[in-house]
Each structure stands twice: as C-alpha cells, then as structure tokens.
Amino acid sequence: MSESLDLRLALAETELENPVLPYLRQDRIPHIWCPGCGIGTSVNCFCRALTDSGLDLNKVAIVSGIGCTGRTAGYLNLDSFHTTHGRAIPFATGLKLGNPELNVVVYSGDGDLFAIGGNHFFHAARRNMDILVICVNNFTYGMTGGQVAPTTPVGPTQTTMPLGNFESPFNLPFIADACGATYVSRWTVYHVRQLAKAMKEALGKKGFRFIEVMSPCPTLYSRRNRLGDGVDQVKYYKESSVIKNGADTKDIGLGFQGEIVVGKFVDRERPTWLESMNDHFSHVLGDQFTPYGVKPEGE
Amino acid sequence: MKADPKGVLSGVHFIDGDHAACEGALAAGCRFVAGYPITPSTEIVERFAARIPKVGGVFIQMEDELAASIAIQGGVWAGHKVMNVTSGPGLSLMMEHLGYAAMTETPCVWVDVQRGGPSTGLPTLPAQADMMQIKWGSHGDYEIIALSPNSPQECFDLMIKAFNLSEEYRCPVFLMMDEVVGHMTERVNIPPADQIEITDRKWTTKKPGEYKAYATTSEDLVPEMVKAGDGYRIHVTGLTHDERGYPAMDVPNQAKLIPRLLNKIRNNTEQLLDVRMDGCDDADVIVMSFGITSRVATAAIEAARAKGLKVGNLRLIICWPFPVKLIQQLAEKVKAFVVPELNMGQMVLEVRKAVEGKVKVISVPHPGGTVHEPETILEQIIEAAR
C-alpha cells in the first residue's frame, strides 16, 4: 500500500488533522520563519504536491543550501540534507548519481542558488541532471539581515544598497530556459493551488526542472521599502500577476512592484545526464557495459 | 571483507603513482568520483573515467572543485565509497567541504598531489607544502587522517588503507602524494582480490525509529551509518547538531559534538601509528621524513652512516595524527632530530612541539620545485651529530 494512500485513509478517520503534518518533522516545530514569510506556504504546497504525486516518500530526498529557504530540508520528514552555501545542487547531483532510484529535490533561496551557487545551477541544467530545483525568491538575503541579492530589482533599498539598488537582477526562468531545463514555471505564494499543481507536475517529470516561487520577506525587504506586511505583498501578487503559459522567458523579467508573469513557460523532453551516459556507453562498449542505475526488467 | 574482484586489476604493472592511486581506489571499492582536472593529479581521474564504465559506477567531471568536493559527499549518502582528487589551488577551494565532511562524519578519501605554491605556484613541480593546510585549512576545530606514500606501489597500498580508515573513523582521510610520486613510474604489484582486506561501512542494524544518526557510546565515538532511500528519514547538517542530527546551536551541544569529533581520532593515535624505522635504537641523530623526501633522506642517511655516524631513519606513513609519543620516547635517547621536507618548515613544528626543547631539532626546508640534494640533508646530519 502506498504511503500516500495510507495517509488518505488516515485522514478519512481524523478530519481535523492538518494534512501536511505527516510530512513535517513535528519535533522541530516551531520553525524559524517570520510571520508573513511565504516560505512556509510554499512548503505547504510542496507537501500537497508530494501527496498527489503518489511517490514513495522513502525514495524522495530533499537538499537545501544556506539561508531562510535553506532551512526547509530540516523541517521535512524525508531524507534531508542541509548542505553548504550555494552547493545544494552539486550535492544533489552526487546523491542522484549515487542512487538513481531517489527522487531528488533541491529547495533553496535565490541568493543561495543564483549568487554563490549560480555556476552549479547553469551546469546542472546544461547536463540535464535529473533533479527538481525549487527556488523561493524573496529578492533579498533574509538570514543575514536584508542584503542585495542577484534577484533584487532596481530601486529598492537593501542594507548593502542603502541608497537603493542600481544593479540589474537576473530573470530566473530565462536562465533556466537558456541552460536547458526541461520544465520551467513561476508562481507566487498567492497561487497556492497552481503552485502545488506545478510542483506535482514537475515531480512527475524527468530532467532538470525549475520552479521559481515569489515570496514576501516582510521583515526585511517589505518593511525597508514600505511595502506593508506579508498580506500586502500577497495582495500585490494577486493584483499584478498575469498568467501567461508558454510565454517567452526573455520577456518575463521582474521589475520593482511591477507586473508578474506567472505560468508554465517550458515543458520539453531531453535525455537526462544518466540516460545519455548509459546510451552512449552502451553504443560504444556494447556488451562490455552494464547500464548504471537501471533496474533489470521485471523488478 | 575482501575486495570486489571487478575493481581489482591483479598482476604486475609498470605505472606511475597517479595511475596506481586510481587502481587503489577501484580495488578499495570506490565506484563514484566527481572530479575537476588539475595538474599534477589529473591522470587519476582520467584513468578512473576510462576504467569505471566497465567496472560499473559513475565518473562525472564537475564545474569546479567546490562542486566536486560536495558532489562526492552526496554520493556517500547515496551509499558509495568515493574519492576527491586535486592539487594545491583546488585543495584551497575544497576547504569548505573538508569541514562539511568532518562535521557530518561523511567517510571519504581526499587525494592531494602536492605541487609548489602558494597560489598557482609551480603546477608541474613537486612540494609537500599542504601538510598544515589539510590539518588546519577549514575553519573550526576538526581532525583528519593523512597518509604519505613515497612510491607508486604505496600509492596503491595506502589508497586502500585510506579508504578503510575513512570507513572506520568516518572522517576525511588524505592521501598526500606529490608531483614526483604521482609521475614516477615503477613496478606496482596488485594482488588478487581475495588478498585485499576491505573495511565495510559501519552500517547500522537498528530499524527506522530506533536509529539516531549521531548516537555514540563512551566506548565507541564513531556513529553507525545509513544511506538515503532506506526509510530512515535522516537529517544531515553542517550546523552543530544533536544525536538525531537536528540543528542544536547551543553551548551544551557544541561542547558534546566537537570533542567527540576530535577524540574519535585523538584517542586512537596509538592505533593510527604507522611509521618505518631503521637504525633508530642506538641512533645519535634521527632523520624524520615522509613522502618523496624520505627517499632522498635515505641516501643522505646511508652517506652519513658510511662516515661512521649513528643515524636513525624515521619515515611517517601516517602523518596525521602526528606520532607525538613516539617522538617523545625517541627524544629521550637521541641528540637531535633532522627534519627535511619540501616546504619551508611545517611538520618540523610538530617535532619541536613534541620534544619541548629537550633536544635539538634541525629543519631542512626547501621551497619546492624539485627534491632536496642528499648533500644538503647530509650536512645537517653532520651538524646535528656534532
């Protein structure tokens, strides 16, 4: 009996229990996230996506880097790895190649994945490493107190841009698309149903998959820039988001409090790194090569 | 347990230290390497990339040494034995993940084919100048084990020992080669697989729910291990953690964890003693050396003995942990130690620390790029014997 079916049966008996509780390390709650922060909402969506995915949770591993979102690994009741700053993707690469049976998810923040970890993102996408990367983008370094990030739009104040940011930000879906990701979408934490659905869809796909999740940081980013609290930011997401599935990723960069294009932008098939390796060596070496990480027929 | 014959290229070979080191890793059961090319270590990963498709396993060339040194650790938590291969500049980048491996008790072997430094230094020429970097280069307090081969045969033999020690102690174990040993071609005898002893991972027999990832006893400071995918739902973090592996950033947990990480090695310094001694019993002077320098030192020692001097030859096979007690015992009997090394005086500091000023300790430094002239060492032996 699958674990998700177990869960559904359990829920049928106890209607009052929060359905995501079994996914959390309840002995680690309360979490460190601030009131109004969107990371927890994204994790809630992820747990629901796991339920709907029907995956064997013993075969799902989560890898985080450092930062507020980097704490996600520590709260999920999965095999979970809290690695070093920026290095979640290469750790996940080793984990996936070490045991291809695992479904490996990287869950980390924009600074971790795209500043210190940028190079790893590009190369894992180029190789089509079979991992799902979920990036919670709050436009700032939350854990260290609100410094400028590679995603900070031009304009807002950050502690290391005290007079307002003048650097151009990255357009994350455009990078993922250009580097070869097989699945690219962006949602905000207002779009909980769409986000959970996108996560489920991405969990069911192969290759390097990327989801950007826009999320408020009320304590640092919003407060310093007089954007109100978490609810005000979610209202902004609601009012300024436009769903454009299939939009050209080069056109969907984010400006300061401007229009937010959300949706699924890329969904394509490419052989994964491991499939390419196995195909290539089988072709070149013939019978001398046994495909790696592939279960024999019938198992 | 015995080695898996699939990885053992039994027979007599005429190969260099880099190639022999790779064969040692394959014989030891290494089936996953994430590498990044750097002179003079590259041949190790090149050979691994060529050999692994038929042995069964994975090689991936990563985008940099930061990625390589953490990808291998992902491989460990997936259940593999792994190695990390580099030289000076790459080693500097890897310091971050040396700390992660020490803190998370991830068994892995680190190969440093030493070249002249600092910075890019002498890419194609030898040195032994990373001896202190591996001991102190990552921030915080940690312990490692380091072995120093002086021949291609030892690159093979000590590589297997390095893998076995990394499993026994769950810590990073270094194979400290140098450019000369790496590129020196000699006879290498690879025994049949059933003659190679392999230490298996310290897998737990506990069930999920009973198992605590970092639980130890007062007798055994090395925790039992599991891998991802087996239902244990482990949490691994570089933060200070409790027995469950959960972040626990407070004074009591730090005070419990850090001494254990150090003492699991330090309490076993005697078991980790691995030296070669020749003529030390009645020596007036002892020459302590390691790696390639030990071969030059041996020539100098023989020349000194021909002059009638009583000179002992002490070679470190395991450099870290440093054999403090042995040096202290020898200091009771000798007039002086002479310590040649291909750096400006690193391991000599450990000798000085151990003898506490009781006898003379003469450093024979060398900035690297080539090996010592035996005469340079001989002069210092004569000076020491005076």
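How far apart are the centres of domain 1 of chain A and domain 2 of chain A, taken over C-alpha atoms? The answer is 32 Å. Before I go on, a word on what we are looking at. This is a predicted model, in which local features need pLDDT of at least 70, side-chain atom pairs count only at pLDDT 80 or more, and totals for chains, interfaces and linings use all residues. Residues are numbered from 1 along each chain as its sequence is written, while chains are lettered from A and ligands numbered from 1 in the order in which they are written.

Back to those domains. Domain 1 of chain A covers 3-268 and domain 2 covers 270-299. These bounds come from an automatic or database domain assignment. Their contact takes 11 residues from domain 1 of chain A and six residues from domain 2 of chain A. Two residues are in contact if their C-beta atoms, placed from the backbone, lie within 7 Å.

Now the sheet. Nine strands form an open sheet with mixed pairing, in the order 9(A)-10(A)-7(A)-8(A)-4(A)-3(A)-1(A)-2(A)-10(B). Strands here are DSSP runs of E, at least two residues, and helices are runs of H or I, at least four residues, numbered from the N terminus. Two strands pair if DSSP finds at least two bridges between them. Which strands stand at the edges? Strand 9 (241-243) of chain A and strand 10 of chain B do, each with a single partner strand, so one side of each is left without a neighbour in the sheet. The twist averages 20° from one strand to the next.

Look at two pairings. Strand 3 (residues 103-109) of chain A runs parallel to strand 4 of chain A, joined by five bridges. There, Val106(A) has Val133(A) as its bridge partner. Strand 2 of chain A runs parallel to strand 10 (residues 235-237) of chain B, joined by three bridges. Phe81(A) has Val236(B) as its bridge partner in that strand.

That takes us to the contact between the chains. Chain A gives 34 residues and chain B gives 38 residues. On the side of chain A, the elements giving two or more residues are strand 2 (79-82), helix 4 (88-98), helix 6 (118-127) and helix 11 (273-285). Which helix gives the largest share? Helix 4 of chain A, with eight residues. Helix 4 of chain A also lies across strand 1 (60-64), strand 2, strand 3 and strand 4 of chain A, at about 175° to strand 3. For that angle, axes are lines fitted to C-alpha atoms, for helices over the stretch in contact, and angles run from 0 to 180 degrees between N-to-C directions.

Next, helix 7 (residues 172-179) of chain A. Its buried residues are Leu172(A), Pro173(A), Ile175(A), Ala176(A) and Asp177(A). Buried means 20 or more other C-beta atoms within 10 Å of the residue's own, with C-beta atoms placed from the backbone. These residues pack against several elements of chain A, including helix 5 (110-116), strand 4 (132-137) and strand 7 (183-188). After helix 7 of chain A comes Gly180(A), with a positive phi near 110°.

Last, chain B. Chain B has 12 helices and 16 strands. Of its 386 residues, 56% count as buried. The C-alpha atoms of chain B fill a box of roughly 70 × 50 × 40 Å, taken along the principal axes. Among contacts in chain B with a separation of 6 or more, 79% join residues 24 or more positions apart.

Definitions and conventions. A residue is buried if 20 or more other C-beta atoms lie within 10 Å of its own, exposed if 12 or fewer, and partly exposed in between; C-beta atoms are placed from the backbone.
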